[in-house]
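Dear colleague,

Please find below the structure that I am handing over to you, together with its sequence. My notes on what was found in it follow.

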Amino acid sequence: MKEKNKGAGRKASSYAAKIAGIYMLVGSVWIISSDYIASKMFESKQLFSLISILKGWMFVVITGILLYFLIRGKLYTLHLSESKLQNTLEELQKTNAELSQTQEKLAVQYKKLAKNQAKIRELSFFDSLTGLPNKNHFQLVLEKAVKEAYLKNQQLAIIYIDIDNLNKVNNTLGHIAGDSVLKKIANRLKSVVADKGFVARLTGDEFAIILYNFIDIHLLDYFIHKFTSIFNKLWKIMDYEFYITASIGIAIFPNDGNDATTLLENAHKALNSAKEKGKNTFCFYNKEMDKALQEQFELEWSLRKAIEQNQFELFYQPIIDLKRMKICGAEALIRWIHPEKGFIPPLSFIPIAEQTGLISKIGEWVISRSVSDLKEIKMAINDSFYVSVNVSLKEFSTSNFVDNVLYSINSLKIEPTAFGIEITESVAMVDPRKTIEILNFLKERGIKILLDDFGTGYSSLNYLKQLPIDIVKIDRSFIQNMTYDQKEQKLAKSLINLSHILDLKVVAEGIEDKRQAELLKTFSCDFGQGYLFGKPMPKEELLELAKRF
């Protein structure tokens, strides 16, 4: 910009110089030529002098006029330049003020950004509830610890902890109480570990601990004992007292893994093993767990194929009316006939089906198939016969369970009273209010409700009398030793009497000989089920058996 102004100034000066030069040249020519002409025209010296004076004044006047216009134009140009410079200066001052304000705003925004970045970093690496490091932070620390242990030829242990029954606290007292428990657990774990390790909260009810450089297994045993003792103490929250248990899995570097990811995975495998053993215990990782997981994975894959290829069959175990000694119903039991492995017992695949969510599809098939078989059985027997199916917790908890039951019954036009569902006390007590609501809905539509394994659960009589049950099934453990154990007889009789007081019918399971059946008759037991009357059998065999009873 400055270079352009300088160039314009030099051009203006050059132009003025040219005009001045031309004017001087013209003026000189005019003086000389006019003097020569005047001397020829006027011979009188006085007249020539007068003419010369007039000519000089005229030259002066013309020069003055010319200079005036030249200077005036220059001054005007300078004035315009000055105005432009003044405007530019004002604009620069205004811009400078705006820049200062922007700089102040940027400084404020930078401070906010720095605070937000610090907050994001805190959220990225720390648990907001307990203040413990989170899973991301734990992973970084574990990777560093593994490298240091490798360089120093040291051992370290990963301890994976899962709170077994925190959901009971949440369901009973609410999540605020559950959060309070988690905070207390975090504080107790930190106090035990102190500077000997690193504690983190990985997920909702899972914690992980790194124990640095323990010398021998005895020191590790000491810490495990400390951790288990944390949960064995009485907890008091919101004026309620209760116990909390935990399952613990342990993996050791370098025996159980040479990197952070493998160690954490193996500690989690050990944790799952502790859960499978009934929870409230601890397990060390071993390579056999990998073999078991591989077998489980293969079984899960086969189970998915079994659903697609319809490899299941339903067997029926008869239920006998002990007064009339006639078949009055049957319990439907699923069987898996693998094309290569043959018969696979339910205890081997039902838990996996529940873990993977496949139980819903299997349950739908069982209900649909049992209702279809029931229609055929009713046509052949032409009697007040019913079929009941077992319902697992996962299946009972699905949103479409009730719809599946009603759809199967209505689509095949079966009387609802000929169909029953069996749930255990443990299923009923997970969420008693919701259970009562669902069972009432089904019972209002005529479906039988059976409580299986009665006497082995932990339900209170208060809830038991609220459950809309038609029939209770006494577990076989109360029946098998009844003929020679007086206490077992009294227990069985008491359970039958209690059920009758609550206006419930009773099925005694596991009857294997006639003496047991006769005793149960004397106790006024309504129905019997067991090998004495028949093992689980295909539908065709059940129909043949029904003809003999």
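Over how many bridges do strand 1 and strand 6 pair, and in which sense? The model is a predicted one, and in it strand 1 and strand 6 (residues 246–253) are joined by eight bridges in the antiparallel sense. Within this pairing, Ile158 has Ala251 of strand 6 as its bridge partner.

Strand 1 also pairs with strand 3 (residues 206–212): the two run antiparallel and are joined by seven bridges. Here Ala157 lies opposite Leu211 of strand 3.

The axes of helix 7 (residues 260–276) and helix 8 (residues 288–309) come within 10 Å and cross at roughly 75 degrees. An angle of 65 to 115 degrees counts as roughly perpendicular, and helix 7 and helix 8 are therefore roughly perpendicular to each other. On the helix 7 side, the contact is made by Asn266, Lys269, Ala270, Ser273 and Glu276; helix 8 contributes Met289, Asp290, Leu293 and Gln296. Sorted by class, the residues in this contact of helix 7 with helix 8 are three nonpolar, three polar and three charged.

With kind regards

Technical notes
Residues are numbered from 1 along each chain as its sequence is written. This is a predicted model: local features need pLDDT of at least 70, side-chain atom pairs count only at pLDDT 80 or more; totals for chains, interfaces and linings use all residues. Side-chain values use heavy atoms; hydrogens and water are left out. Axes are lines fitted to C-alpha atoms, for helices over the stretch in contact, and angles run from 0 to 180 degrees between N-to-C directions. Helices (H or I, at least four residues) and strands (E, at least two) are DSSP runs, numbered from the N terminus. Angles under 35 degrees count as roughly parallel, over 145 as roughly antiparallel, 65 to 115 as roughly perpendicular and the rest as oblique. Contact means heavy atoms within 4.5 Å. Ala, Val, Leu, Ile, Met, Phe, Trp, Tyr, Cys and Pro count as nonpolar, Asp, Glu, Lys and Arg as charged, and the others, Gly among them, as polar. Two strands pair if DSSP finds at least two bridges between them.
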